[in-house]
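Colleague: I've just opened this one and could use a guided tour. Can we go through it question by question?

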Amino acid sequence: MDNWRVRPTSIDKWPTGIDYTMFIDENNDSNLKSIINKINSNEEISNIERYFTITGCVIDKNNFIVAKENITQLKNKYWRDGKFTYSSKVKRVVFHSREIRNKTKAFDPTIIDYDNFLYDLTDFISSTQMYIISSTIDKYTHCIKYITPFHPYNLCLDFILERFVTLILKNKTKKGVIILEARGKKEDKFILEHIKNILNNGTDYVSAEKFQNISGVYFNPKWCKQSNEQMSYSGLEIADLVSYPIHKYIRDEHKDFAFKIFEDKFLGYPSYKGIGLKVFPINQLK
């Protein structure tokens, strides 16, 4: 049995024989407990806590090589050797959406030319060839509509895995793997078990046979421990940069500049709503 099936496992190199990788990031809390408690107490539920989003960035091998080279060049341009001192330890700079937005750590304007960096970062995302598949659960409507609501993380994974396998099956010889950011042993095990269930049994809309084109599920930290944290994982950084603007768009019903940069990369563009961008239960996105 493959090691990744036994326990959450990381991966440092593009696997042999794999055509596509889907890098996955998330935004907000998938837990329903606080939402249910507020519904039962008739408390107001803000949009900040209402939505949970998972985004997958699907990149083929050749485009990943280009993206990795471009992100390395960008880091080297603004930081010496592309590194920064995190908590007294020199590590590879990691593009983290929250730190960039808040101008903290490596992205402090006293450390880099922040405005020019944003310009270059925008160009990097715009030029990266990928398909975006994102799913959001409206936790409030989900809890109101269903007596026993399914776990939001599981639902999101169902939606984006169905679309991922459909995409790679456009050519039956294509194989894909999935890489998520590691969160913790318990959390990663929970996710892995659900994904294995999908691969083994399929979903209501996609058969288990088709899911056999997914050849691995991996959980990587922000930095590669084998390199003493001198290497980061470019694909996960791209997913992080893309996921928040999507989450923000659904939450605020407004397409900001960051969202518009990559809107044409959604699977199914220009008619991507319900395909590359899924919201459940269904709502009418502007």
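Colleague: Is F95 buried or exposed?

Modeller: Keep in mind that this is a predicted model. Buried means under 20% relative accessible area. F95 has a relative accessible area of 1%, so F95 is buried.

Colleague: And F117, buried or exposed?

Modeller: The cut-off for buried is again under 20%. The relative accessibility of F117 is 0%, so F117 counts as buried.

Colleague: How many aromatic pairs are there, and how do F84 and Y86 pair up?

Modeller: The count comes to 21 aromatic pairs. One of them joins F84 and Y86, with 5.0 Å centre to centre and 85 degrees between the planes. Both F84 and Y86 are buried. With planes over 60 degrees apart counting as edge-to-face, the F84 and Y86 pair is edge-to-face.

Colleague: What about the rings of F95 and F117, which kind of pair do they make?

Modeller: Their centres are 5.5 Å apart and their planes sit at 70 degrees, so the F95 and F117 pair is edge-to-face.

Colleague: How many residues apart in sequence are the parts that the F95 and F117 pair ties together?

Modeller: F95 sits in the loop between β4 (89-92) and α5 (97-102). F117 belongs to helix α6 (residues 114-127), so the pair ties together parts whose separation in sequence is 22 residues.

Colleague: Which residues does the cis peptide bond with omega of about -15 degrees join?

Modeller: Look to P281, in the segment after β8. The cis bond with omega of about -15 degrees joins F280 and P281.

Colleague: How many bridges join β2 to β5, and what is T55's partner?

Modeller: Strand β2 (residues 51-60) and β5 run antiparallel, with 8 bridges joining them. In β5, the bridge partner of T55 is S134.

Colleague: How many residues of β5 are buried?

Modeller: Strand β5 is mostly covered. Of its 8 residues, the buried ones number 7.

Colleague: Let's step back. How many helices and strands does the protein chain have, and what is its radius of gyration?

Modeller: The protein chain has 12 helices and 8 strands. Its C-alpha trace spans about 55 × 45 × 40 Å along the principal axes. With 286 residues, a compact globule would have a radius of gyration near 19 Å, and the protein chain agrees with that at 19 Å.

Colleague: What share of the contacts comes from residues 24 or more positions apart?

Modeller: Buried residues make up 52% of the 286 residues. Among contacts with a separation of 6 or more, the share from residues 24 or more positions apart is 73%.

Colleague: How many disulfides are there, and which cysteine sulfur is nearest to that of C156?

Modeller: The structure holds 0 disulfides. C156 is in none, and its nearest cysteine sulfur is 13 Å away, where a disulfide needs the pair within 2.5 Å. That nearest sulfur is the one of C143.

Colleague: Which residues have a positive phi although they are not glycine?

Modeller: Most residues other than glycine have a negative phi. One with about 80 degrees is in the loop between β1 (20-27) and α2 (33-40), and another with about 55 degrees is in the loop between α5 and α6. They are N28 and K103.

Colleague: Last one: is N62 buried or exposed?

Modeller: N62 lies in helix α4 (residues 61-78). Over 50% is the cut-off for exposed. N62 has 59% relative accessibility, so N62 counts as exposed.

How values were computed:
Residues are numbered from 1 along each chain as its sequence is written. This is a predicted model: local features need pLDDT of at least 70, side-chain atom pairs count only at pLDDT 80 or more; totals for chains, interfaces and linings use all residues. Side-chain values use heavy atoms; hydrogens and water are left out. Buried means under 20% relative accessible area, exposed over 50%, partly exposed in between (1.4 Å probe, protein chains only). Helices (H or I, at least four residues) and strands (E, at least two) are DSSP runs, numbered from the N terminus. Two strands pair if DSSP finds at least two bridges between them. The radius of gyration is taken over C-alpha atoms; the globule rule is 2.2 Å times the number of residues to the power 0.38. Contact means heavy atoms within 4.5 Å. Rings of Phe, Tyr and Trp (its six-membered ring) pair if their centres lie within 6.5 Å; planes under 30 degrees apart count as stacked, over 60 as edge-to-face and the rest as tilted.
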